[in-house]
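I opened my notebook to get to know a new structure. Here is what I looked up, step by step.

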Amino acid sequence: MEYVKVSEEYSGIAEKVIDEHEDLHWIRNLKVRIGYLASDREKKKDGGLVLGECIKVKPLYRPYVPHDFLIVIYETNTAGLTENQMEILMYHELLHIGIDEAGEELKYNINPHDVEDFRTVIDRYGIDWAKRGASKEKLSTGGENREKKQIQNACGSVPEGDRPDGSGRSN
Ligand SMILES: [Zn+2]
């Protein structure tokens with residue numbers, strides 16, 4: 001049976017990452033409620049391993065899930081990542097947290113990747129930050145094409161409207 005559990009550890013990593021990145025301070029200032037989960041699901045996307053994912057909690061679910069977003073780290077897939085890589089992964093997932101500026105009411109959304117990763121992640125940490133030592137043979141196998149898609153695939157976050165089944169769509 002797969003597990004999904006609340007993770008104090010990832011919550012702690014996120015606090016540290018938010019401290020260290022001014023571009024994330026607004027998340028704290030606005031008191032965005034984020035839940036951190038650890039899953040041992042070996043999640044894959046287009047054949048690559050998904051390391052993490054940021055999900056917006058639908059308003060309908062909020063009475064049961066008192067968070068605005070959930071960040072899931074797939075622990076089986078991140079085995080072998082260094083502490084530093086985990087922090088970059090968390091930074092990446094936190095960058096998905098966005099605000100819909102249209103309208104007067106505060107509405108959150110999932111920021112899409114601006115390149116195949118976030119430019120700010122690549123500028124700071126290099127394009128291959130997820131590869132070095134990550135889940136060893138699993139992440140390092142595959143041709144060049146796969147390498148190019150690796151970072152995008154290593155993150156399961158899907159902006160609303162991009163979900164093929166439209167499941168993220170109803171606000
Ligand atoms: Zn992502």
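My notes take the sheet, then a helix, then the core.

Before starting, I noted that this is a predicted model, in which local features need pLDDT of at least 70, side-chain atom pairs count only at pLDDT 80 or more, and totals for chains, interfaces and linings use all residues. Residues are numbered from 1 along each chain as its sequence is written.

**Sheet.** I traced an open sheet of 4 strands, in the order E1-E2-E6-E5 with mixed pairing. Strands here are DSSP runs of E with at least two residues, helices are runs of H or I with at least four, and both are numbered from the N terminus. Two strands pair if DSSP finds at least two bridges between them. Strand E1 (4-6) and E5 each have a single partner strand, so one side of each lacks a neighbour in the sheet. I then looked at E1 and E2, which run antiparallel and are joined by 3 bridges. Lys5 stands opposite Ala38 in E2.

**Helix H4.** I found 13 residues in H4, at 83-95. Its buried residues (20 or more other C-beta atoms within 10 Å of their own, C-beta atoms being placed from the backbone) include Met90, His92 and Leu94.

**Core.** How many residues does the largest nonpolar core have? I noted 29, and Tyr10, Leu51, Ile71, Met90 and Leu94 have the most contacts inside it. Such a core is a set of buried Ala, Val, Leu, Ile, Met, Phe, Trp, Tyr and Cys residues joined through C-beta atoms within 7 Å. Helix H1 (8-20) and H4 are among the elements that each supply at least two residues of this core.

Notes: The expected span of a helix is 1.5 Å times one less than its number of residues. A residue is buried if 20 or more other C-beta atoms lie within 10 Å of its own, exposed if 12 or fewer, and partly exposed in between; C-beta atoms are placed from the backbone.
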